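Let's take a friendly walk through a protein model. Have the sequence and the 3D view ready, and follow along from the overall layout to the details.

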Amino acid sequence: MKVLLADDEVTYRTVVMRECKKQGVDVRCANNGEEAIEWLKKETFDVVLLDYSMPIKSGMDVANYMSENGIKSPIFMISPRNLWNNLKSFAALNFLYWTI
């Protein structure tokens with residue numbers, strides 16, 4: 001399984017990457033949404049983990065890019081705040097959402 005993890009929080013990326021690698025998951029990391037889009041242009045992923053709020057381009061920007069370019073990988077949107085009022089737009093972009 002290959003995962004793209006995009007989050008600007010270094011500690012979170014490190015922990016998730018370490019745990020994924022323990023399970024044999026191939027992980028690519030991006031520090032922001034722009035880097036995530038660059039990865040998506042080069043490779044395909046089984047799952048995409050996105051922080052909702054990142055510098056340069058947000059997780060929503062990345063999800064929109066994926067939708068506009070026919071990238072169908074499931075998306076898990078990660079956010080420290082409640083974004084339930086955006087559920088309709090989330091469903092249209094093929095992703096799951098949770099708050100941490």
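Below we look at the overall layout, the cores, the cysteines and the rings.

## The overall layout

Keep in mind that this model is predicted. The protein chain has four helices and five strands. If you trace the chain along its sequence, the elements follow the pattern β-α-β-α-β-α-β-α-β.

How much of the protein chain is buried? Of its 100 residues, 44% are buried. The accessible surface of the chain is about 5600 Å², and carbon and sulfur atoms account for 53% of that surface. Now think about contacts between residues at least 6 apart in sequence: 53% of these join residues that are at least 24 apart.

In soluble globular proteins, nonpolar side chains tend to be buried together. Here, the largest nonpolar core has 18 residues, and the members that touch the most others are Leu 40, Val 48, Leu 50 and Val 62. Which elements each supply at least two residues of this core? They are strand S1 (2-6), helix H2 (33-42), strand S3 (47-51), helix H3 (59-68) and strand S4 (75-79). H3 gives the largest share, with five residues. There is also a second, separate core of nine residues, and Cys 20, Val 27, Val 47 and Ile 78 are among them.

Setting aside its neighbours within four places in sequence, Val 48 is in contact with Leu 4, Leu 40, Met 66, Ser 73, Pro 74, Ile 75 and Phe 76.

## Cysteines without a bond

How many disulfides does the structure hold? The count is zero. To see why, look at Cys 20: the closest cysteine sulfur belongs to Cys 29 and is 8.5 Å away, which is too far for a bond. A disulfide needs the two sulfur atoms to be within 2.5 Å.

## Rings and their charged partners

The structure has zero aromatic pairs. Some rings do have a lysine over the face, though. Lys 2 lies over the face of Phe 45, at 5.4 Å from the ring centre. Lys 42 is placed over the face of Trp 39, at 4.5 Å from the ring centre.

Technical notes. Residues are numbered from 1 along each chain as its sequence is written. This is a predicted model: local features need pLDDT of at least 70, side-chain atom pairs count only at pLDDT 80 or more; totals for chains, interfaces and linings use all residues. Side-chain values use heavy atoms; hydrogens and water are left out. Rings of Phe, Tyr and Trp (its six-membered ring) pair if their centres lie within 6.5 Å; planes under 30 degrees apart count as stacked, over 60 as edge-to-face and the rest as tilted. A charge sits over a ring if NZ of Lys or CZ of Arg is within 6 Å of the ring centre and within 35 degrees of the ring normal. Buried means under 20% relative accessible area, exposed over 50%, partly exposed in between (1.4 Å probe, protein chains only). Contact means heavy atoms within 4.5 Å. Accessible areas come from the Shrake-Rupley method with a 1.4 Å probe; for residues, only the protein chains shown count as cover. A nonpolar core is a set of buried Ala, Val, Leu, Ile, Met, Phe, Trp, Tyr and Cys residues joined through side-chain atoms within 4.5 Å.
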